[in-house]
Amino acid sequence: MPKLQLALDGDLEGALAVLEKAHAHVDIVEIGTPLVYREGMRALRRIRAAYPETCLLTDLKIMDAGEAEADIAFGAGADIVTVLGVGGDETIQGALASGVRHAGQVMIDMMAVTDPLARAAELVELGCDLLCLHTAHDQQAKRGSPWRQLAQLRAAYPELGLAIAGGVSLALLTHILPIQPQIVVVGSAITAAPDPGLAARLIQERMEQYADA
């Protein structure tokens, strides 16, 4: 069954309030890029202190100084750090080296990659084993969730760790779950819901139902 990742992009107090209601239903908590911009590593440390056993992803979207920037997040308590797939190979290799040293994982965010299949081949060669198909926030209204591209990547790389992010909702799980991603990233469908705990539980239950079918 795929893991449910909750993307927290608001302010720290709002993020903690959502987590209080939803954490029991999620597997990975993402300290989103806007939250990092607002609060820095303080947000990661606060959430780590409050949820010491939870897997935490810090969405740095690293584009340069891969090893140094990944070190910052891993050192503050991150389990997973994101690096942009459009970044240079040297940057990605640096982040991977940091991940090995800290026993952490690097997720490659494929946002803005023009040819995901071709870039995926290069990334696999570099040693990357977790790629995230991601529709940028500003393009979601036009492009929607990237589940079709995810299906292409799954067909080409049946054993590769894949995640999907951007516009993911309960309704879209009908298209997403048959592709068997390892991680499903959900943001506003939970954080902007009237009851974030209920929204997270319904998504978790849908994922469990598909796994049991």
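Predicted model: local features only at pLDDT ≥ 70, side-chain atom pairs only at ≥ 80, totals over all residues.
## The barrel

Eight strands close into a barrel. The order is β1-β2-β3-β4-β5-β6-β7-β8, and the pairing is parallel. Neighbouring strands of this sheet are turned against each other by 25° on average, with direction ignored.

Strands of a sheet pair through backbone hydrogen bonds, either parallel or antiparallel. One pair is taken up here. Strand β3 spans residues 55-62 and is joined to β4 by three bridges. The two strands run parallel. Two facing positions can be named. Leu 57 stands opposite Ile 80 in β4. Thr 58 stands opposite Val 81 in β4.

## Strand β4

Strand β4 covers residues 80-84. How many of its five residues are buried? Five of the five are, so the strand is largely enclosed by the rest of the structure.

In a regular strand the side chains alternate between the two faces of the sheet. In β4 both faces are covered. Ile 80, Thr 82 and Leu 84 are buried on one side. Val 81 and Val 83 are buried on the other.

## Thr 82

Thr 82 lies in strand β4. Its relative accessibility is 2%, so Thr 82 counts as buried, the cut-off being under 20%.

Which residues does Thr 82 touch, not counting those up to four places away in sequence? They are Leu 57, Thr 58, Asp 59, Leu 60, Lys 61, Ile 62 and Met 107. The C-alpha atoms of Thr 82 and Leu 56 are separated by 11 Å. Along the chain these two residues are 26 residues apart.

## From β3 into α4

Helix α4 is made of residues 66-75. The helix lies across β3, β4 and β5 (105-109). Against β3, helix α4 runs at about 150°.

Two residues in this part of the chain have positive phi values. Lys 61 is found in strand β3. Its phi is near 50°, a positive value in a residue other than glycine. Ala 65 lies in the loop between β3 and α4. The phi of Ala 65 is also positive, near 50°, and this residue too is not a glycine. With a relative accessible area of 36%, Ala 65 is partly exposed.

## Helix α1 and its partners

Two packed helices are described by the angle between their axes and the distance between the axes. Helix α1 (residues 12-22) packs with helix α3 (residues 41-50) at an angle of about 25°. The axes are 11 Å apart. Angles under 35 degrees count as roughly parallel, and α1 and α3 are therefore roughly parallel to each other. Their crossing is right-handed. On the α1 side the contact uses Leu 12, Glu 13, Leu 16 and Leu 19. These meet Arg 42, Ala 43, Arg 46 and Ile 47 in α3. The contact residues divide into five nonpolar, no polar and three charged.

Helix α1 also meets helix α11 (residues 196-212). Their axes come within 7 Å and cross at roughly 50°. The two helices are therefore oblique to each other. The crossing of α1 and α11 is right-handed. Val 18, Lys 21 and Ala 22 in α1 meet Pro 196, Gly 197 and Ala 200 in α11. Here the residues divide into four nonpolar, one polar and one charged.

Ser 98 lies in helix α5, which spans residues 89-102. Is Ser 98 buried or exposed? At 0% relative accessibility, Ser 98 counts as buried. Beyond residues up to four places away in sequence, Ser 98 touches Glu 67, Ala 70, Asp 71 and Phe 74.

Pro 146 is found in the loop between α7 (140-143) and α8 (147-156). This proline is buried, with a relative accessible area of 7%. Setting aside neighbours within four places in sequence, Pro 146 is in contact with two runs of residues. Leu 133, His 134 and Thr 135 are among its contacts. Ile 164, Ala 165 and Gly 166 are also among them. The C-alpha atoms of Pro 146 and Gly 167 are separated by 8.5 Å. Along the chain, Pro 146 and Gly 167 are 21 residues apart.

Definitions and conventions. Residues numbered from 1 in each chain as written. Heavy atoms only, no water. Axes fitted to C-alpha atoms, helices over the stretch in contact; angles between N-to-C directions. Helix = DSSP H or I, 4+ residues; strand = E, 2+ residues; numbered from the N terminus. Parallel < 35°, antiparallel > 145°, perpendicular 65-115°, else oblique. Left-handed = near helix turned anticlockwise from the far one by under 90°. Contact = heavy atoms within 4.5 Å. Nonpolar A, V, L, I, M, F, W, Y, C, P; charged D, E, K, R; others polar. Buried < 20%, exposed > 50% of the residue type's maximum accessible area, 1.4 Å probe, protein only. Pairing = 2+ DSSP bridges.
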